[in-house]
Amino acid sequence: MVIVADDDEPGRRHAMQVHELVEPIAAGVAMVVARVGKDAADHIAAGHGLDEFEPVDLGGKAGRRLKITRGSDVKMQRVRWVMEDWIPAGSLTLLAGREGLGKSTLAAQICAQITTGSLEGELHGIPRNVLYIHSEDSREFTVAPRLKAAGADMDRVLFVDVETAQTDSGTVILPLDLGSLEKAIVQHQVAFVVLDAATSSMSSELSGKDDRAVRSYLEPLAHLAARQGCVVFGLCHFGKRDGTDTGKLILGSIAWSQVARSVLSVARDDDSGNLIVTNTKANLAPRTRSMETTIVSTSVETEDGPTEVGVLRWLGETTRDARELLSGADEETEERDEITMVIRDYLIECGGSAPAAEVLKVTRAAGLSDNAVKKARKRAGVRTCKDGFSRGWVWTIETIAARGGSLVPAEDAEGSFTRVQESSTPS
């Protein structure tokens, strides 16, 4: 890219601003001025070509430069907690859980406490503004009533829309609207920004499944939070799979949890019906902290009468961990245990050994596939042995085989052993 600067101080200053904007994305950038006159029009009017502009020596005043800072000049600071061990100030924090568990209700409760200064932490006693960016729920029917039910000071709750030539209620698109968003945060002294859901503000040109795309979306938000000392609080969904690694449970790329400084995971305790919230990623926290909560229904007055809205009630800290509840029942393990029981029970009935064909006949009758049975064989403590006379395959429980005929480690195609005739001389 070639930038033609007007040959005066305002022109040079504007050209430098353009240079800083395009330099990170252009293959190369040069700045030039007209050989004759003040600008490009004068240059062309004088009969000069595009290759005759005069280059400008920027003298290191533009482009990417390395800046070195000595460790002794770094002003170290303590971690400030908006919510103890859960939400660091000036950070990107994610709240993740299964769909329909009440993540938005939980976010509304935190927002409400921030607007009233009742949240235990750095903002306690200091009512602050919150900015709620939503796309999945109706503002009038759901989001605003939910915040009001939680006790929010609605004068301190801010919603944002994007005005264009086509609409005055467009949605925020990031990183496209990042500059405007930061200006709004500064102007209204916002302490807490909710993205409900985190993916809904992501540009359609970016994929939530691609690491680089997710980082290009989240990292500018994390930098914004650090610059302004506010919290960006994004709501994410878990997929259907079970597991204790919550970073991998979040739908899409693992980068969602990698970029965030803190990840709060919410799961339901089926025994009590309550929710358990745990900081499953806590880079800055000194401990893992879990809280138990429940959602109850309450009535809220609206413009056209009362309506029932869910509101969150904290029940206190707990030793339960959301990851325990997210791990789920290991159905595959249960199936393997069932298979091993069928195999062992049949072999014990047969005195410890039986032809492989007979074992498979029994397991097929039990509705088990041959492939699953063969995989479970070793876990059942069963070895396959070649009968010394009939040359047919025999399955034998190892503990019984040790008391009977000799087993020699002659590997067959399945990695099994060959039975030989008993002899006083080891083969």
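Which backbone oxygen does the side chain of Asn279 reach at 3.1 Å? The points below answer this and describe the surrounding architecture.

1. Basis of the model. This is a predicted model, in which local features need pLDDT of at least 70, side-chain atom pairs count only at pLDDT 80 or more, and totals for chains, interfaces and linings use all residues. Residues are numbered from 1 along each chain as its sequence is written, and side-chain values use heavy atoms, with hydrogens and water left out.

2. The side chain of Asn279 reaches the backbone oxygen of Arg287 at 3.1 Å. A polar atom of that side chain also lies 3.0 Å from the backbone oxygen of Asp85. A polar contact is a pair of N or O atoms within 3.5 Å; within protein, one must be able to donate a hydrogen and the other to accept it, and residues adjacent in sequence count only if both atoms are side-chain atoms.

3. Setting of Asn279. This residue belongs to strand β12 (residues 275-282); helices (H or I, at least four residues) and strands (E, at least two) are DSSP runs, numbered from the N terminus. Asn279 counts as buried because its relative accessibility is 2%, where buried means under 20% relative accessible area, exposed over 50% and partly exposed in between (1.4 Å probe, protein chains only). Not counting residues up to four places away in sequence, Asn279 touches Asp85, Trp86, Val263, Leu264, Ala285, Arg287, Thr288 and Arg289; contact means heavy atoms within 4.5 Å.

4. The nine-stranded sheet. Strand β12 takes part in an open sheet of nine strands with mixed pairing, in the order β8-β7-β9-β10-β6-β11-β12-β13-β14. Its edge strands, each pairing on one side only, are β8 (157-159) and β14 (305-317). On average, neighbouring strands of this sheet are turned by 25° against each other, direction ignored. Two strands pair if DSSP finds at least two bridges between them.

5. The three-stranded sheet. Three strands form an open sheet in the order β1-β2-β3, with mixed pairing. Here β1 (2-4) and β3 (54-55) are the edge strands, each pairing on one side only. β1 pairs with strand β2 (residues 30-33) in the parallel sense over three bridges; Ile3 has Met31 in β2 as its bridge partner.

6. Packing of α5 and α6. Helix α5 (residues 178-187) and helix α6 (residues 211-228) pack at about 25°, with axes 11 Å apart. Axes are lines fitted to C-alpha atoms, for helices over the stretch in contact, and angles run from 0 to 180 degrees between N-to-C directions. α5 and α6 are therefore roughly parallel to each other, the label for angles under 35 degrees; those over 145 count as roughly antiparallel, 65 to 115 as roughly perpendicular and the rest as oblique. The contact is made by Leu178, Leu181, Glu182, Ile185 and Val186 of α5 and Pro220, Leu221, Leu224, Arg227 and Gln228 of α6.

7. Ile126. This residue lies in the loop between α3 (103-116) and β7 (129-134). Ile126 is partly exposed because its relative accessible area is 42%. Leaving aside neighbours within four places in sequence, Ile126 is in contact with Ile114 and Gly117. The C-alpha atoms of Ile126 and Ile114 are separated by 7.9 Å.

8. The chain overall. The protein chain holds 13 helices and 19 strands. Of its 427 residues, 42% count as buried.
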